[in-house]
Amino acid sequence: MKKLLVFLNNYKKECILAPLFKMLEASFELIIPLVVSAIIDVGIAKGDGHYIVRMCFIMVALGLLGLVSSVTAQYFAAKAAAGFGTKVRHALFAHIQSFSFSEIDKAGTATLITRMTSDINQVQSGVNMVLRLFLRSPFIVLGAMVMAFTIDGKSALIFVVTIPLLSLVVFGVMAASIPLYRKVQERLDRVLGITRENLTGARVIRAFHKEEEEKNRFEEGLENLTAMQTHVGKISAFLNPVTYVIINAATIVLLYTGAVQVDVGNLTQGEVVALVNYMSQILVELIKLANLIITINKAVACGNRVSSVLDMESTMPVDASASFREGEQKSPSFEKPDDGNIMVQFEHVGLTYQEAGAESLSDIDFSVKKGETVGVIGGTGSGKTSLVHLIPRFYDATRGKVLVAGRDVREYSLEELRQKVGIVMQKSVLFAGTIRENLRWGKADATDEELYEALQTAQAREVVEGKAGKLDAPVEQGGKNFSGGQRQRLTIARALVRKPEILILDDSASALDYATDARLRLAIRGMKEKPTVFIVSQRTSSIQHADKIIVLDDGEIAGMGTHEKLLCDCAVYREIYDSQYKKSNAAVS
């Protein structure tokens, strides 16, 4: 939590003025019991109506000054808290954007969303309350005790005993509840994770008629959250009744002591009323402080959770210098005369995911020339996606090197590297907005001519022209107003707008029919930029015309070559081909 306080540096003035104005308001509040005492002892006792009216005007003036001070303090506190929350959100979002897929996998999407929203809201609320009340409440409590001593030293000793008792209760509850609020937020993470899964997978749940099971799973998570919140609530609820008992007991003792002192002439009736008012002020402020402590507990727990994300270091720094150790040699230049044409090279690459027991990729070694088309095929879980994700550095190889244009990918800044690469993921993702806005993710200043050129190559021009508004046609969140095939073609067009040097199609044509798939591959081959293309596919028809086909089996290269060569030499490829084209294979043999 302490690390987050640096985000208040730009609000030092507000952080000083807010408590000062609150303490100014508290000072006016501490004067009022003395005014009431004077009204009783002078105005009422002597029957002086003018004095009573004058003192009443003084009370009203003190109230108005206190109101102005309070509103001013609220303004500065709100400004500082809102600015603080904004800066923390920006910093957290920017930090999450720097994460590689490894950190996102480790933290979990639901957890990151919770910390970006609920947790930061709690911290912002805590900062607001602290600036307003954290100094005001102790100031009133201690000030009331000091004012009691100015009235009567013996009676004020009751305050000396009462305040430490109350402090012990308040801080004891605080110490017990802070760790529990952290557990509450963790269980909230689980509930939000279940909710997110159900909302994103609603169609699958209904297709398998699993609504009741998912309701039960959600209710179980909710019950766990409720049980923990109830447990924490019981501890926090212990605060108010105990403080009331202590304060009321102290008030009884104070009234008895005051009555005795009045009888012997040491105190006036007005002074006793003032002492009781000070005790009441302590009660009110300690109730506020108790509620503030609960808010602080939540804020500290949530702040620690936000800090833990900010403390996570990305395994993939943006700057090249950050990813290479000082003095490490650059990748050696290639020895072959034509190696200057090599666009992508894997040098005995291995990849092990975090907390995985074994390598997902082992000893991957191949090179691809500029303009070549490479097919990547293999069974489910063979490592196809893992392989192509190493090129734009979504993950870093745990051994070996991946080179692009003769340089280790770690030598590039992420921006420079990913400007060279256009990738279409397995899951087609479109964002709310218009078709034009989605396509310009590939190139922010792309002209309509460039957009239509990319759409034509991606076989998506008719999709756009069939929509009212064409490029300005609306796209709903996730592209729900487009079919699966339309979404795939639009995401391919988005990647093509950039005119990348390397184009990766990660099983991105699975929803296309064979004829459209064939036209798409032919159009990409005909691009004047001649990108180096990686096609990951389960279909042998999608890759059989590639210049080179890489066959993966359990993270290793089982075969590499052309379609005809692999049919003869690679049993894994032949098995995949036979499962899809048994008749064709029989004719060949």
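A salt bridge is a side-chain nitrogen of Lys or Arg within 4 Å of a carboxyl oxygen of Asp or Glu. With that in hand, welcome to this structure. The model is a predicted one, in which local features need pLDDT of at least 70 and side-chain atom pairs count only at pLDDT 80 or more, while totals for chains, interfaces and linings use all residues. Residues are numbered from 1 along each chain as its sequence is written, and side-chain values use heavy atoms, with hydrogens and water left out.

## Salt bridges

How many salt bridges does the structure hold? There are 28. Three of them are set out here.

| Pair | Closest N and O atoms |
|---|---|
| R136 and E285 | 2.5 Å |
| D396 and R393 | 2.8 Å |

Let us begin with R136 and E285, whose salt bridge brings N and O atoms to 2.5 Å apart. R136 sits in helix α5 (residues 136–151) and E285 in helix α10 (residues 269–311), so this pair ties together parts that are 149 residues apart in sequence. Helices here are DSSP runs of H or I with at least four residues, strands are runs of E with at least two, and both are numbered from the N terminus.

Are these two residues buried or exposed? For such labels, buried means under 20% relative accessible area, exposed means over 50%, and partly exposed lies in between (1.4 Å probe, protein chains only). R136 is buried, with a relative accessible area of 2%, and E285 is buried too, at 1%.

D396 and R393 form another salt bridge, and both of these residues are buried.

Elsewhere, salt bridges that share partners join K22, E25, E29, R136 and E285 into one network.

## Around Q281

Q281 is in helix α10 and is buried, with a relative accessibility of 11%. Its side chain reaches the backbone oxygen of E29 at 3.0 Å. This is a polar contact (a pair of N or O atoms within 3.5 Å; within protein, one must be able to donate a hydrogen and the other to accept it, and residues adjacent in sequence count only if both atoms are side-chain atoms). Which residues does Q281 touch, leaving aside neighbours within four places in sequence? They are E29, L30, P33 and I140, where contact means heavy atoms within 4.5 Å.

## Helix α2

Helix α2 (residues 49–97) has 49 residues, and at 1.5 Å a residue it should span 72 Å; its end C-alpha atoms are 71 Å apart, which agrees. The expected span is 1.5 Å times one less than the number of residues. At the start of α2, a side-chain oxygen of D48 comes to within 3.3 Å of the backbone nitrogen of H50.

## A sheet of four strands

Now for the strands. Four of them form an open sheet in the order β2-β1-β4-β5, with antiparallel pairing. At the edges stand β2 (361–369) and β5 (407–408), each with a single partner strand, so one side of each is left without a neighbour in the sheet. Two strands count as paired if DSSP finds at least two bridges between them.

Strand β1 (residues 342–351) and strand β4 (residues 399–404) are joined by five bridges in the antiparallel sense. F346 stands opposite V402 in β4, and V344 has V404 in β4 as its bridge partner.

β4 and β5 pair in the antiparallel sense over two bridges, with L403 opposite D408 in β5. These two strands form a hairpin with two residues between them, and A405 in the turn has a positive phi of about 55°.

## Two lysines with positive phi

K470 has a phi near 50°, a positive value in a residue other than glycine. K470 is in the loop between α16 (461–465) and β8 (474–475), and is partly exposed, with a relative accessible area of 38%. K530 has a positive phi near 50°, and lies in the loop between α18 (514–525) and β10 (532–536).
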